[in-house]
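Subject: Structure handover

Hello,

Please look through it before reading on.

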Amino acid sequence: MADITDVIYLDNNATTRVAPEVVEAMMPAFGPLYGNASSMHTFGGQMGRYIHAAREQVAGILNADPEEIIFTSCGSESDNSAWYSATETQPEKRHVITTKVEHSAVLAYGHYLEDKGYEVTWLGVDDKGRLDLEELDRAIRPDTALVSLMYANNETGTIFPIEEVAGIVKSHGVQLHVDAVQAVGKEVIDLRKLPIDYLALSGHKLHAPKGIGALYVRRGTRFRPYLKGGHQERGRRAGTENVPYIIGIGKACELAASNLEKERTQVSALRDRLQAGIVSAIPHCKVNGDQEHRLPNTLNISFEAVEGEALLLQLDQYGICASSGSACTSGSLEPSHVLRAMGVPFTYAHGSVRFSLSRYNTEAEIDRVIEVMPQIVSELRKISPFASFLKK
């Protein structure tokens, strides 16, 4: 394994480095500004203005009202809170709609509700990971409490047409939750134009620390708190405010807003450079997802007759960090649920790799990956039990 300083980090959809500016902004709250924001005295109470400033920064990247922002511990809590509130405030409605390609935070809550007697409609996707909007429209019923869709897929980067989705859902008078954890900071999101009721985001996906997230709740939406206790977050999320991390996510959102154009141009150019280099040098590989509508930083690519886990281990030897769409469970390799839903053939799906970039990546790093990938894939194919599947 290469020295830690030489790591080429291309796993930003898993987590991101904390921006230096974010660290700097947070440090006073780890030292002299250690008061409890809920305290009556001035020393603690002064922390309220830092929380307010951070709330404005998070609202700013979404073009939302600061009072519509609730700070949480992570994207999963935000997703769960939205589902909990939507179902608890509408107990007479026992139907929910989501997709087969959601993050586990949504999938797990859907299965939990099924165990509680709810009916969940699991929408499929096509071979590029795209929704059938007519299928969505047909699935909505009078007893539908919530439609929950991700803004962009964490594995393939495919972006759902949220504006069209919102139009369909709202035409039925149904609440809409959007998991935008991967999209915030990469796509322009304007919640004054999009009629979304709940939107989830996570700090560690946009260069803030792990352990902080936020949930947007549109003004006027009935809300039932997931965490109960104190009066924090205007009674919408109990628990002592995590002031240092709240400051961090606020600063990260401010930086992300100023770097949106860089994400859409420089980062996407690096992604395209990586894709072109790999595809031109390695036969029997395919890019997964909608290449016309995807996140600017994400490349999911499958290599036929290659084991994804082995490929990642080989990349790791060169100090290259990426992710696989496969999960090794009890000795058996099971392809990603996203790729399965897309109908990607098994001999490709189990050899999938996700490269996810950030504004900190360089051309030299991308060229290094392009340089080593052909040899790694070639060597692995020589020992692959699926080598016979390769077309001559």
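The notes below cover the sheet, two further strands and the helix contacts.

This is a predicted model, in which local features need pLDDT of at least 70, side-chain atom pairs count only at pLDDT 80 or more, and totals for chains, interfaces and linings use all residues. Residues are numbered from 1 along each chain as its sequence is written, and side-chain values use heavy atoms, with hydrogens and water left out.

The sheet

Helices (H or I, at least four residues) and strands (E, at least two) are DSSP runs, numbered from the N terminus. Seven strands form an open sheet with mixed pairing, in the order 2-8-7-6-5-3-4; two strands pair if DSSP finds at least two bridges between them. The edges are strand 2 (69-72) and strand 4 (119-123), each with a single partner strand, so one side of each has no neighbour in the sheet. On average, neighbouring strands of this sheet are turned by 20° against each other, direction ignored. Angles run from 0 to 180 degrees between N-to-C directions, and axes are lines fitted to C-alpha atoms, for helices over the stretch in contact.

Strand 2 runs antiparallel to strand 8 (residues 213-217), and four bridges join them. Opposite isoleucine 69 is tyrosine 216 in strand 8. Helix 3 (residues 47-62) packs on the sheet and touches strand 2, strand 7 (198-202) and strand 8; the direction of helix 3 makes about 110° with that of strand 2. Contact here means heavy atoms within 4.5 Å.

Helix 7 (residues 162-171) also packs on the sheet, where it touches strand 5 (144-150) and strand 6 (175-179). The direction of helix 7 makes about 160° with that of strand 6. Five bridges pair strand 5 with strand 6 in the parallel sense, and leucine 146 has glutamine 175 in strand 6 as its bridge partner.

Five of the five residues of strand 6 are buried, where buried means under 20% relative accessible area, exposed over 50% and partly exposed in between (1.4 Å probe, protein chains only). Gln175, His177 and Asp179 point one way from strand 6, while Leu176 and Val178 point the other way.

Strand 15

Strand 15 (residues 352-356) is largely enclosed by the rest of the structure, because five of its five residues are buried. Ser352, Arg354 and Ser356 point one way from strand 15, and Val353 and Phe355 the other way. Strand 10 (residues 298-303) pairs with strand 15 in the antiparallel sense over five bridges, with isoleucine 301 opposite valine 353. Strand 12 (residues 323-324) also runs antiparallel to strand 15, joined by two bridges; valine 353 is the bridge partner of serine 324.

Helix 9

The axes of helix 1 (residues 20-30) and helix 9 (residues 243-258) come within 8 Å and cross at roughly 155°. The two helices are therefore roughly antiparallel (angles under 35 degrees count as roughly parallel, over 145 as roughly antiparallel, 65 to 115 as roughly perpendicular and the rest as oblique). Among the residues that meet are Ala25 and Phe30 in helix 1 and Tyr245 and Leu255 in helix 9.

The axes of helix 3 and helix 9 also come within 8 Å, crossing at roughly 30°. Met47, Tyr50 and Ile61 of helix 3 and Ile246, Cys253 and Ala257 of helix 9 are among the residues that make this contact.

Regards
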